[in-house]
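Here are some exercises to work through with the model open beside you. Try each task yourself before you read its solution.

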Amino acid sequence: PHWLEVDLCQPAVIRSVTIDWEGALATDYLIQGKLHKQDEWTLMLDANKADVHQTQGPQPSKQGPKAHVTHRLQIPSEWSAGRRGCPDSTEAVRFVRLYINKPAKKWGASVWYWQLFGGFVQGCEQSSSCS
């Protein structure tokens, strides 16, 4: 497996995710989150069990890879198992990870970009400064 991890620098509630895959995409992946660096990762979404809205886009350039595939996913509001230190929201995360269990192609997976949509939460305990 491989993954991409982002530190949002402050707690946020993530409502949806967009992943733009190059020709090498994955369909077996997880979106995970945690509020504190030392916390265990918590499952926010399993792509195998989610309603994935998939679109095929144009080639970025004539020399570039085949057409991109975009996945748009809604994060279910009930994913949270309870968060400590964040009284305003039990769904707040500061760290988010795209965990690729298995690429759809034999040579791996390639993410052109990924976007997280939601909003920052005020009043949550900060575990460390953003680096």
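**Exercise 1. Around K34**

Task: Leave out residues up to four places away in sequence, and find which residues K34 touches.

Solution. Step 1: keep in mind that this is a predicted model. Step 2: go to strand 2, where K34 lies. Step 3: list the partners, which are D39, E40, W41, V93, R94 and F95. Step 4: look for a charged partner. K34 is buried but has no salt bridge. The nearest side chain of opposite charge belongs to E5, at 5.2 Å. A salt bridge calls for a side-chain nitrogen of Lys or Arg within 4 Å of a carboxyl oxygen of Asp or Glu.

**Exercise 2. The overall fold**

Task: Work out how many helices and strands the chain has, and what share of its residues is buried.

Solution. Step 1: count the elements. There are zero helices and seven strands. Step 2: read them in order from the N terminus, which gives β-β-β-β-β-β-β. Step 3: turn to burial. Of the 131 residues, 41% count as buried.

**Exercise 3. A salt bridge**

Task: Search the whole structure for salt bridges, and say which side chains take part.

Solution. Step 1: the search finds one salt bridge. Step 2: name the partners. The side chains of D7 and R94 meet, at 2.7 Å from N to O. Step 4: is each partner buried or exposed, or in between? D7 has a relative accessible area of 24%, so D7 is partly exposed. R94 has 1% relative accessibility, so R94 counts as buried.

**Exercise 4. The nonpolar cores**

Task: Find which residues of the largest nonpolar core touch the most other members.

Solution. Step 1: this core has 21 residues, and I14, I19, W21, Y29, I31 and L98 touch the most other members. Step 2: ask which elements give two or more residues to the core. They are strand 1, strand 2 (26-34), strand 3 (42-46), strand 5 (69-74) and strand 6. Step 3: find the largest share. Strand 1 provides it, with six residues. Step 4: look for another core. A second, separate core has five residues, including V13, L35, A92 and C124.

**Exercise 5. Aromatic pairs**

Task: Count the aromatic pairs and decide how the rings in each are arranged.

Solution. Step 1: the count comes to two aromatic pairs. Step 2: take W3 and Y99. Their ring centres are 5.9 Å apart and their planes are at 15°, so this pair is stacked. Step 3: locate the two residues. W3 lies in strand 1 and Y99 in strand 6, so the pair ties together parts that are 96 residues apart in sequence. Step 4: compare their surroundings. W3 is partly exposed because its relative accessibility is 45%, while Y99 counts as buried because its value is 18%. Step 5: take W21 and Y29. Here the ring centres are 5.4 Å apart and the planes are at 55°, so this pair is tilted. W21 is buried, with a relative accessible area of 0%, and Y29 is buried, also at 0%. Step 6: return to W3 and look over its face. R97 lies there, at 5.2 Å from the ring centre.

**Exercise 6. L73 and its contacts**

Task: Decide whether L73 is buried or exposed, and find what L73 is in contact with.

Solution. Step 1: L73 is found in strand 5. Step 2: its relative accessibility is 1%, so L73 counts as buried. Step 3: leave aside neighbours within four places in sequence. The contacts of L73 are then R15, S16, V17, I19, Y29, L45, A50 and V52. Step 4: check the distance to A47. L73 and A47 are 26 residues apart in sequence and 8.2 Å apart in space, C-alpha to C-alpha.

**Exercise 7. A backbone angle**

Task: Find what value phi of C9 is near.

Solution. Step 1: go to strand 1, the place of C9. Step 2: read the angle. Phi is near 70°, a positive value in a residue other than glycine. C9 has a relative accessible area of 30%, so C9 is partly exposed.

Notes: Residues numbered from 1 in each chain as written. Predicted model: local features only at pLDDT ≥ 70, side-chain atom pairs only at ≥ 80, totals over all residues. Heavy atoms only, no water. Buried < 20%, exposed > 50% of the residue type's maximum accessible area, 1.4 Å probe, protein only. Core = buried A, V, L, I, M, F, W, Y, C linked by side-chain atoms within 4.5 Å. Helix = DSSP H or I, 4+ residues; strand = E, 2+ residues; numbered from the N terminus. Phe/Tyr/Trp six-rings, centres within 6.5 Å; stacked < 30°, edge-to-face > 60°. Lys NZ or Arg CZ within 6 Å of the ring centre and 35° of its normal. Contact = heavy atoms within 4.5 Å. Lys, Arg positive; Asp, Glu negative; His and termini not counted.
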